[in-house]
There are 2 protein chains.
Amino acid sequence: MQTELSRKLGVEHAVFGFTPFPAVAAAISRAGGFGVLGAVRYTAPDDLKRDLDWIEAHVGGRPYGLDVVMPAKKVAGVSEAEVEAMIPEGHRQFVRDTLATYGVPELAEGEASGWRITGWMEQVARTQLDVAFDYPIRLLANALGSPPADVVARAHDRNVLVAALAGSARHARKHQEAGIDIVVAQGYEAGGHTGEIASMVLTPEVVEAVDPLPVLAAGGIGSGQQVAAALTLGAQGVWLGSIWLTTTEADLHSPALTRKLLAAGSGDTIRSRALTGKPARQLRTEWTEAWDDPAGPGTLPMPLQGLLVAEAVSRIQKYEVESLLGTPVGQIVGRMTSERSVQAVFDDLTRGFEQAVDRINRIAGRSGPS
Amino acid sequence: MQTELSRKLGVEHAVFGFTPFPAVAAAISRAGGFGVLGAVRYTAPDDLKRDLDWIEAHVGGRPYGLDVVMPAKKVAGVSEAEVEAMIPEGHRQFVRDTLATYGVPELAEGEASGWRITGWMEQVARTQLDVAFDYPIRLLANALGSPPADVVARAHDRNVLVAALAGSARHARKHQEAGIDIVVAQGYEAGGHTGEIASMVLTPEVVEAVDPLPVLAAGGIGSGQQVAAALTLGAQGVWLGSIWLTTTEADLHSPALTRKLLAAGSGDTIRSRALTGKPARQLRTEWTEAWDDPAGPGTLPMPLQGLLVAEAVSRIQKYEVESLLGTPVGQIVGRMTSERSVQAVFDDLTRGFEQAVDRINRIAGRSGPS
């Protein structure tokens with residue numbers, strides 16, 4: 001599974017793995033892929049530093065990267081408190097009522113909400129970058145829009161490639177104009193923030209739109225067959241996020257959530273604004289249904305929605321309130337039916353990839369040397 | 001492009017083309033694919049007979065098939081007039097008001113609505129079958145649910161394979177239990193009635209669910225690369241519908257609609273209940289937006305919605321009211337940028353397929369004999 005991009009980065013397989021867990025990121029790189037640590041949950045620079053130190057100690061010298069969230073639209077000079085003040089009381093009441101209906105206990109006095117919106121704010125992302133650029137990261141990915149020009153320049157000065165997610169060809173061309181090195185084409189079926197164009201259509205469209213920039217295909221990929229299909233569509237690699245959530249190295253801090261992920265089918269996700277205010281694919285739960293219900297108050301725009309629900313999400317997760325408990329995940333969740341090690345996932349991907357290439361060669365009437 | 005199924009049917013390419021136009025169906029089969037004529041618009045048996053005669057005269061002895069619409073849920077013994085009576089007056093008024101807002105002229109006195117809901121009713125489909133079984137069709141496809149057991153038996157008696165569309169693995173297994181021979185896995189990105197699972201996820205899921213039944217991948221396929229990707233995912237063939245709409249053999253009776261299709265991007269479709277009452281992907285127009293608007297009356301269930309809008313759709317089409325003018329089409333519409341012959345589409349598909357296989361072999365490090 002070698003492309004121009006994987007050779008450039010010095011990895012064995014053109015498989016990029018996005019994960020919030022340092023142990024998963026390191027295991028992906030050790031298995032011959034390219035691990036990318038999601039930084040959004042690190043509000044304290046020292047926590048990020050601690051986890052990057054851990055990765056350095058466990059990645060065996062293999063390359064890895066960091067994913068930050070810098071919204072394209074920033075509200076300059078607005079404090080978290082000022083943003084908080086924009087949330088209507090009716091929406092706060094809806095959160096309280098919904099949690100009460102399901103008997104969700106409160107956090108202990110002084111206990112911090114684990115999931116914080118602050119990671120979504122540019123100043124926090126910049127602090128993360130100040131930390132990360134002291135480490136030999138090879139890739140910096142941004143989940144929302146192109147990073148600011150000075151961040152791209154800073155990355156390039158350090159020989160760090162910059163990647164950005166796009167849900168349309170138009171969006172991808174904007175990244176190209178902003179000097180991005182790699183576009184991640186995020187299909188409708190992907191977990192997290194996603195547009196409406198499915199990978200089968202989006203991948204070649206983005207490849208053609210930004211040629212000769214390399215494109216990673218994201219969305220709907222969890223088997224070697226799907227890796228082969230995505231690369232057939234012109235991608236120079238695949239970007240997998242969901243599949244790692246049920247690996248043994250992942251630490252969801254919630255056996256109930258792991259059980260829900262293992263039990264969910266491909267039809268059990270929904271593209272909802274419930275989590276952040278922008279459409280993001282996640283497990284369909286009674287929580288997402290409450291927000292998507294026309295009878296409710298509806299969701300608020302980003303970043304208000306994330307701020308509004310942050311504590312509620314923490315409470316639901318801490319107390320594992322099953323009917324409300326969810327997480328961003330793609331339609332590939334239907335394929336996540338057992339806990340496996342990251343290495344076992346890679347073994348499955350590479351074996352499935354070879355079988356898929358065998359198959360397409362038979363269909364093409366080519367008796368290749370395999 | 002040879003699979004077990006394409007060999008069984010005696011076609012050169014495992015490409016199945018669905019089309020309402022006899023000239024397109026015949027051209028697909030002549031080009032080495034398998035043409036499937038959509039029968040839903042034939043309310044008069046003689047019209048279907050005339051067009052099947054035409055295909056027989058122009059298909060050069062190649063195999064072809066027929067696609068009918070037999071809803072899984074039937075309302076036994078209910079007449080069209082009785083169904084008509086179920087439509088609320090408020091909805092009829094909304095149709096009149098919307099047409100008036102856009103100044104859509106009325107049909108001439110006694111002029112029949114071209115698009116008729118009656119094709120969606122089982123008795124009409126059965127009449128179509130009575131006609132079709134007198135012709136050497138090799139495939140009978142059904143767009144909604146499994147055909148009734150007696151129809152499957154009748155087809156099998158005549159050595160006609162039966163195919164049915166499915167949007168989920170559960171749906172596909174139901175077809176298998178009903179004795180269907182081929183499942184068409186219709187992804188989210190497809191034109192017409194479609195579910196929410198995208199092809200990248202749906203295709204392998206359905207293949208595994210109904211193994212060893214052959215599966216055709218539908219949705220998002222309009223290039224040879226996409227054909228290769230779909231076959232890589234385990235399909236035994238691809239089922240293409242949208243791509244033929246802008247071929248020179250197609251007769252949309254509307255230059256304005258052809259222009260709209262050629263200009264539309266992959267993001268210009270919507271999955272809406274506006275046309276039939278079930279979610280169907282189509283061009284996004286001010287007509288679909290009126291039906292999807294929460295301020296409007298909303299759509300009615302199938303078959304009421306189709307009956308409600310039939311005349312309106314005819315008027316919009318006849319007078320080519322551009323802002324309202326639409327058609328079922330998939331996200332692949334973004335790739336339909338010029339009018340080409342069916343043969344030119346096939347040349348493009350086969351060339352693109354070979355290039356895609358070359359590419360995946362290079363990535364796999366195989367220097368195959370190409």
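How many salt bridges are there between chain B and chain A? The count is 6. A salt bridge is a side-chain nitrogen of Lys or Arg within 4 Å of a carboxyl oxygen of Asp or Glu. One of them joins A:R335 to B:E208, whose closest N and O atoms are 3.4 Å apart.

This is a predicted model: local features need pLDDT of at least 70, side-chain atom pairs count only at pLDDT 80 or more, and totals for chains, interfaces and linings use all residues. Residues are numbered from 1 along each chain as its sequence is written, chains are lettered from A and ligands numbered from 1 in the order in which they are written, and side-chain values use heavy atoms, leaving out hydrogens and water.

**The interface**

Contact means heavy atoms within 4.5 Å. Buried area is the accessible area (1.4 Å probe) that two parts lose on being put together, summed over both.

| Item | Value |
|---|---|
| Chain B residues in the contact | 47 residues |
| Chain A residues in the contact | 49 residues |
| Area buried between chain B and chain A | about 4,100 Å² |

Carbon and sulfur atoms hold 56% of that buried area. B:M200, B:T232 and B:R366 supply 19% of the area that chain B buries against chain A, more than any other three residues.

**A helix in chain A**

Helices (H or I, at least four residues) are DSSP runs, numbered from the N terminus. Buried means under 20% relative accessible area (1.4 Å probe, protein chains only). In α10 of chain A (residues 224-232), 8 of the 9 residues are buried, so this helix is largely enclosed by the rest of the structure. Among them are A:G224, A:V227 and A:L231. Just after α10(A), A:G234 takes a positive phi of about 105°.

Definitions and conventions: Buried < 20%, exposed > 50% of the residue type's maximum accessible area, 1.4 Å probe, protein only. Helix = DSSP H or I, 4+ residues; strand = E, 2+ residues; numbered from the N terminus.
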